[in-house]
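Good morning, and thank you for coming.

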Amino acid sequence: MKRTTIALALVAAAGFAGGVQAQAKEQFVPANFYWVGPYAPGGSGFGGGIIDYMAMLNERDGGINGVKLTWEKCETEYNNARGVECYERSKNKGSTGATVIHPLSTGITYSLIEKATADKIPVISMGYGRTDASDGRVFPYIFPLITNYWSQNTAKIKFIGVKEGGMDKLKGKKIVNLYHDSAYGKETIPVLDVQAQKYGFQITHIAVPHPGNEQQSQWLQIRQLRPDWVILRGWGVMNPTAIKTAARTGFPREKMLGVWWSGAEEDVIPAGDAAKGYYAAGFNIPGTHHPAMKDILKHVYAKGKGEFDDKSRIGSIYHTRGVVAGIVTTEAIRVAQAKFGKGKPITGEQMRWGIENLTLDAKRLKELGASDLMQPLKVSCKDHEGGGAVKFLQWDGKKWNVVSDWIESDQSIVRPMIEESAAQYAKEKGITPRDC
Amino acid sequence: MLYREAGQFKSTYAEDQQIFPIRQDRIAVVLLLVVAFVVVPLVADQYWLSAILTPFLIFALAALGLNILTGYAGQLSLGTAAFMAVGAFMAYNFVLRMPWLGIIPSFILAGICAAAVGIVFGLPSLRIKGFYLAVATLACQFFVLWAIQRIGWFTNNSPSGVITAQTVEILGYTFDTPQSKYLLTLGIVAVLALLAKNLMRSETGRAFMAVRDMDVAASVIGIPMMKTKLLAFAISSFYCGVAGALYAYTYLGTVEPEAFTLDLSFRILFMIIIGGVGSILGSFLGAAFITLLPIFLNVLFGTASHTFGLEISHAIVSNVELMIFGGLIIFFLAVEPHGLARLWQIAKEKLRLWPFPH
């Protein structure tokens, strides 16, 4: 007994002492995602995408200007404490430390804001996280790239407006916001309230407690309200449950609009036929037809590598979203290398410069083979979001079909709210906003 | 041979009643404190301090709180995380609304608020016991989280319900490095652990244990049931509340109400079951087991797959970790149902006889 304990302790100590040795000409990007638990489809899909894209660059181009990309997986379990532990573990690995962190959890992003800022490691919370971090003057190291929750929400209301035949038709309509009762779920309540006032629709917020696999009472309430639209702000198992319960209560799925964390294959397939006609927002277009995806298949999967054993997940929503994250990350590394020395690994601080000066225009996207995969992006010191447009997809029972063009968000609503909220944070924390 | 009290005579009552009557124990404890306060901050790197040791101390404090209630006073509770939440959110509000108060008084007041909530939800313990009481304390778990999520005042009307802990500053010194945060946590935990150790040797502690062992007999010998049980709830909740405040201020920095779910209550309950019910040391051992083992396993698998070049899917590895963790819990409970603290006690008894066991 005692001997086993000692052996166990020794092995464990060896585990801590070990780890990846630093090597020159390597750029380390931590892969702190989740492969277990109720949110594993999102974590493993997104993580798989970003790793597949980096592996493809290593195989096809030998990395970025000769600097190989390296990564190490760490299981966060979508749990804040574990996420912080993974962050602390990964931040000093590689020759220049962690380049950038993708927490893939709103909660972990919140926990990392101060730590990462102090350690000078950028956090990319692409499509999630703290919305007011879009104000780069107050949050120099936090990047809710492409579109934050509030921007997305204004695009959703615009989409509903289009479906109703004009924004003026929204007057008097009833919209229900069915949200996951967490920091993530509550994030859009203020922006919906503002829009409800502006357009004259009536908004009702209904919370679904975590994990959301029981929604009878919420849908009973929705049935009594008879709303024109239901915005589903769910995550994980809450999504198929909402769709199934909607079908049971007879609410038309064509009037249900999901956030992008409610719009993956994993969210609709378990609901079966009930999901037909359901809409969801997205900032990436699924499929394997994009040249970038074809390169991943050719250089990674054809060689027997790649993150997915289940080949049907290649090109899924989460996978392509991870690929988009990979593109954004590696392009920012490229920008930073151009400034601080081509062919040299960059530090987190240089990476921040890289992200802040990242411009992905239509031409660059075409070169990357991602024209159709994502929208053009232009990040600046002041604007840490950079994009802001959303496409809408509809599930036909087999696959997601794009049913709209890029719908621009309404920055006239979002930006003042972001600046106000960021200013309040700055005041609370005694931060002097940077001059941009 | 080394660990023997032969020749240590006690000539005064004070000597006889000290916390650690054996000299070797006293030396060991002093050494441990020196290591924890001086050596560790000098040697350990940032990762160890902020990701391993600080959360370990905080969970140990919460486990200690639950151990006072469940281990010593025999009242089963599933509301630990809720008491921690009260501590975290009230500390935030005290610092926010009364900044002149200072951090330590805010933590104490937050602990007192948690104690008040504990007393209210401890009232059912006067009528019900055992599993039924556990169910009643579940109500506390759900009610507290509900209140924090629904009432804007607690989170200063933060739209997402997340609070960001203010900077910790005591007498002009800012605790912003991992070392200083660790030392602050350690200081608070050490003081509270010492108080708990002494409390359990006092009249109050003995009354707790009498209630635990047989409450009818305890009331027959004149122990006031209501006062004792509610006091146990209050002290326990105070400890949990301070642990919650530390969780927000020295560990994560930002807290959302969802961090304090029933899941956390169960984890802390497992800590005291594995560590040892009714033992101060057990709270620390259990917290170490539950918080550190998953991380050890994770690192171990990472290293193993690197060294041996194994190409195992990470999803399988992550799930295997959970299985091994569960397996080890069952193993330790089967080997020693009284917890790791009991193993330590047995080791001590054997050491006293060593090297001549007969």
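I begin with one pair of residues: A:Gly258 stands opposite A:Ala280, which belongs to strand 11 of chain A. Strands here, and helices likewise, are DSSP runs numbered from the N terminus, with at least two residues (E) for a strand and at least four (H or I) for a helix. Before going further, I must say that this is a predicted model, in which local features need pLDDT of at least 70 and side-chain atom pairs count only at pLDDT 80 or more, while totals for chains, interfaces and linings use all residues. Residues are numbered from 1 along each chain as its sequence is written, and chains are lettered from A and ligands numbered from 1 in the order in which they are written.

To return to the strand, strand 11 covers residues 279-282. Strand 10 (residues 256-258) of chain A pairs with strand 11 in the parallel sense, over 2 bridges; two strands pair if DSSP finds at least two bridges between them. Within strand 14, A:Phe392 is the bridge partner of A:Ala281.

Are the faces of strand 11 covered or open? Both are covered: A:Tyr279 and A:Ala281 on one side, and A:Ala280 and A:Gly282 on the other, are all buried. Buried denotes 20 or more other C-beta atoms within 10 Å of a residue's own, exposed denotes 12 or fewer, and partly exposed lies in between, with C-beta atoms placed from the backbone.

Chain A contains 15 helices and 15 strands. Its radius of gyration is 22 Å, close to the 22 Å that the globule rule gives for 436 residues, so chain A is as compact as a globular protein of that length. That radius is taken over C-alpha atoms, and the rule is 2.2 Å times the number of residues to the power 0.38. Of the 436 residues in chain A, 58% are buried.

Chain B has 14 helices and 4 strands. For its 358 residues a compact globule would have a radius of gyration near 21 Å, and the 21 Å of chain B agrees. In chain B, 45% of the residues count as buried. The C-alpha atoms of chain B fill a box of roughly 70 × 65 × 45 Å along the principal axes, and those of chain A a box of roughly 60 × 60 × 45 Å.

Next, the domains. For chain A the assignment, which is automatic or from a database, gives domain 1 (21-147 + 286-388 + 416-429) and domain 2 (150-282). Their C-alpha centres lie 28 Å apart. In contact across the boundary are 17 residues of domain 1 and 19 residues of domain 2, where contact requires C-beta atoms, placed from the backbone, within 7 Å. On the domain 1 side, the elements giving two or more residues are helix 4 (106-119), helix 12 (317-340) and helix 15 (411-429). Helix 4 gives the most, with 3 residues. That side divides into 9 nonpolar, 7 polar and 1 charged. In this count Ala, Val, Leu, Ile, Met, Phe, Trp, Tyr, Cys and Pro are nonpolar, Asp, Glu, Lys and Arg are charged, and the others, Gly among them, are polar.

How many residues of chain A are in contact with chain B? There are 35, and they meet 30 residues of chain B. Among the elements that each supply at least two residues of the chain A side are helix 1 (2-17), helix 3 (80-90) and helix 4. The chain A side comprises 14 nonpolar, 9 polar and 12 charged residues.

I close with two residues. Most residues other than glycine have a negative phi. A:Glu77, however, has a positive phi near 55°; A:Glu77 sits in the loop between strand 4 and helix 3 of chain A and is buried, with 23 other C-beta atoms within 10 Å. A:Lys120 likewise has a positive phi, of about 60°. A:Lys120 lies in the loop between helix 4 and strand 5 (123-124) of chain A and is partly exposed, with 16 other C-beta atoms within 10 Å.

Methods. Contact = placed C-beta atoms within 7 Å.
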